[in-house]
Every structure is written in structure tokens, then in C-alpha cells.
Amino acid sequence: MPQYLVLTTDHCDDEALNRRLAVRKKHLQRMKVEKAAGRFIIGGAKLNAAGQMCGSMLLVILPSEEAAKEWVSLDPYITGKVWEHIEILPFKVADV
């Protein structure tokens, strides 16, 4: 099944980090469910120069780019107005 790299950048207003922290637990709970279902491989927060979370990187396995867009649209970081920019790229984990 195809793999996708999801790169996001958070909104940059003064309340962006607070919104992220407010929904972070829901986002992490969702990733645990998605990992158990085999759709989420790995991910984490992008950090700015001050070491604060400012975006995300996720590696997912989904049937199509359209499915990846739909999958991302359901995330608490979308519904909680955390992620502003999202890039979804076809990806292949190296077998080493």
C-alpha cells in the first residue's frame, strides 16, 4: 500500500501554541489508534529555533493521496485550528 509523508506548519498567531497544547492529547490518542490499525508509521513535532512545537511530520500508509487528505482532515490539529499549511508527498521507506 502507498506511503505518504505529511508535513505541516502550524498557524503563527499568538495563540497557536496554546491551541496545539489544548488538543495535543486528542491528537496523540488518535495516532495510537491509527498505529494499531497500521495506518500511522511514525511522526513527531517540528520545532522552531526556540525549541517550541511549530508543525508536524507524519508518515502514513493509506490507499491513495485522496485518502491521505481525508485522513489528515479528521485530525484534532485540523479541527482545533493548529495546522495551517499541509503538504502530502508520496514516500517510500527504505528497506535497509
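Residues 24 or more positions apart account for 68% of the contacts with a separation of 6 or more in the protein, where contact means heavy atoms within 4.5 Å. The structure is a predicted model, in which local features need pLDDT of at least 70, side-chain atom pairs count only at pLDDT 80 or more, and totals for chains, interfaces and linings use all residues. Residues are numbered from 1 along each chain as its sequence is written, and side-chain values use heavy atoms, with hydrogens and water left out.

The protein contains 3 helices and 4 strands, and from the N terminus on these elements follow the order β-α-β-β-α-α-β. Helices (H or I, at least four residues) and strands (E, at least two) are DSSP runs, numbered from the N terminus. The C-alpha trace spans about 40 × 25 × 20 Å along its principal axes. The radius of gyration of the protein is 13 Å, which agrees with the value near 12 Å that a compact globule of 96 residues would have; this radius is taken over C-alpha atoms, and the globule rule is 2.2 Å times the number of residues to the power 0.38.

The accessible surface of the protein comes to about 6000 Å², and 59% of this area belongs to carbon and sulfur atoms. Accessible areas come from the Shrake-Rupley method with a 1.4 Å probe, and for residues only the protein chains shown count as cover. Of the 96 residues, 32% are buried. A residue is called buried under 20% relative accessible area, exposed over 50%, and partly exposed in between (1.4 Å probe, protein chains only).

The largest pocket holds about 150 Å³ of space. Of the 14 residues that line this pocket, the closest to its centre are His-27, Leu-28, Gly-43, Gly-44 and Ala-45. On a 1 Å grid over the protein atoms alone, a pocket is an open set of points where a 1.4 Å probe fits, with protein on both sides within 12 Å along at least five of seven lines, and lining residues have an atom within 4 Å of a point. Grid points are joined across faces, edges and corners, and the volume is the space filled by probe spheres set on the points. Helix H1 (16-36), strand E2 (40-47) and strand E3 (53-61) each supply at least two residues of the lining, and H1 gives the most, with 5 residues. By class, the lining has 8 nonpolar, 4 polar and 2 charged residues. In this scheme Ala, Val, Leu, Ile, Met, Phe, Trp, Tyr, Cys and Pro count as nonpolar, Asp, Glu, Lys and Arg as charged, and the others, Gly among them, as polar.

His-27 belongs to helix H1 and counts as buried because its relative accessibility is 7%. Apart from neighbours within four places in sequence, His-27 is in contact with Leu-58, Asp-75, Pro-76, Tyr-77 and Trp-83. Although Pro-76 and His-27 are 49 residues apart along the chain, their C-alpha atoms are separated by 5.4 Å. With the same exclusion of sequence neighbours within four places, Pro-76 is in contact with Val-23, Lys-26, His-27 and Arg-30.

Thr-79 also has its place in helix H3, but this residue is exposed, at 58% relative accessibility. Its C-alpha atom lies 9.2 Å from that of Val-23, 56 residues away along the chain. In the loop between H3 and strand E4 (83-91), Lys-81 has a phi near 60°, a positive value in a residue other than glycine. Lys-81 counts as exposed, with a relative accessibility of 56%.

Glu-34, a further residue of helix H1, is buried, with a relative accessible area of 8%. Beyond residues up to four places away in sequence, Glu-34 touches Arg-39, Phe-40 and Trp-71. Glu-34 and Ile-61 are 27 residues apart in sequence, and their C-alpha atoms are 9.9 Å apart in space.

Met-57 lies in strand E3 and is partly exposed, at 26% relative accessibility. Not counting residues up to four places away in sequence, Met-57 touches Leu-5, Val-6, Leu-7, Ile-42, Gly-43 and Gly-44. The C-alpha atoms of Met-57 and Pro-76, 19 residues apart along the chain, are separated by 15 Å.
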